[in-house]
Amino acid sequence: GDSAQTGWHNKMRVAWAIAMAQLLFSVSSGSDITEYRVGIWYPTSKDGVMSMYGPLFESYLNQKVGSVMGINFKAVVVDLDEASLAETLIDAQKLDFFFSMAGRIACVERAFDWIVVATARNRVLGREIGAQSTVIYTLKTNTEIHTVEDFKNKRIGVALVHSPSFFMSKEVLENHGVDLYQDSQQIVFYGNSYADQLFDVVKEKLDVGITSGTFLMEKYPDQIPYLRFINVINTTWESEPYPFPSSTPLTPAYTLACSPQIPYLVKRAVERALMALDANSPEAQAAGMSNFTTAGR
């Protein structure tokens, strides 16, 4: 219930406060680093990313962690071009933390031995959820498309090749005779702009869109009545029915990871600060979050 959830959040805030007090009397972190760069990816413009996540990964972390430990956190928007790809910056040791989709973080873990710090719990249309869905959709007025079998020779819009919606939909489409690689003449890639994909479906420039369901529900709920979702399945998350449509199995929400070179005290302080995040705070509201959970929870 709400009281139990409030109690849990209060415990997290107390634990964070205790941890910070302990840090004041602990030995030095053993690192000369004074600024930690937090790379952030989200399917919108650079200004949009900063307005959503800058308050959390700069203002909040600097207030809760930086002011105590004498360090600074700087948010950096990644994947704007080839030079700013997160993997390129990580390989060059120009990122210390990275906040992105769970699948992308898993790749970074394997490639660079990075460590998961915490996973976000989003608040979508007033509901707290720890997963995101992928939806395959068309206009309700499109009388030619009702199932995946109808996709042959149709124009299909997809997101970045490393996005969950791409990977999760790829298998579904292949099982019905559509290959996102081999049938490239049908495919339109939309990079960082899920919104442009939706607008092109609405304008009938595309027949089918494939995108993040949570993004669609949160950012464009007014468009939902005009859309027909394809291949909708019943899904659960944390033993509860998922509250929104999904055309594929669910994936975890966005996750924060850090370099293995980050001192343990810094990593732990960031983790506890994020877990103590107040869902009603300006930082959480801007990011559309309620809080964070630890890795594996």
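User: How do the residues lining the largest pocket divide into nonpolar, polar and charged?

Analyst: This is a predicted model. In it, the lining of the largest pocket has 6 nonpolar, 1 polar and 5 charged residues.

User: Which residues are they?

Analyst: The pocket is lined by Arg121, Arg127, Glu128, Ile129, Gly130, Ala131, Trp237, Glu238, Glu240, Pro241, Tyr242 and Pro243.

User: Which element gives the most to that lining?

Analyst: β5, with 3 residues. β5 covers 127-129, and β13 (240-241) also supplies at least two residues of the pocket lining.

User: And how much space lies in the pocket?

Analyst: About 270 Å³.

User: Okay, cavities now. How many of 30 Å³ or more turn up?

Analyst: A search of the whole structure finds 1. The volume of the largest cavity is about 210 Å³.

User: How does one look for empty space anyway?

Analyst: Rolling a probe the size of a water molecule over the atoms shows where space is left empty.

User: What lies nearest the centre of the largest cavity?

Analyst: Tyr42, Gln132, Ser212, Thr214 and Tyr254, out of 22 lining residues.

User: Which helices and strands supply at least two residues each there?

Analyst: α2 (46-69), β4 (115-124), α5 (164-174) and α7 (213-219). Of the elements, α7 gives the most to the cavity lining, with 3 residues.

User: What about the classes in that lining?

Analyst: The cavity lining has 13 nonpolar, 8 polar and 1 charged residues.

Methods
Residues numbered from 1 in each chain as written. Predicted model: local features only at pLDDT ≥ 70, side-chain atom pairs only at ≥ 80, totals over all residues. Heavy atoms only, no water. 1 Å grid on protein atoms, 1.4 Å probe; cavity = no way out; pocket = protein on both sides within 12 Å on 5 of 7 lines; lining within 4 Å. Points joined across faces, edges and corners; volume = space filled by probe spheres on them. Helix = DSSP H or I, 4+ residues; strand = E, 2+ residues; numbered from the N terminus. Nonpolar A, V, L, I, M, F, W, Y, C, P; charged D, E, K, R; others polar.
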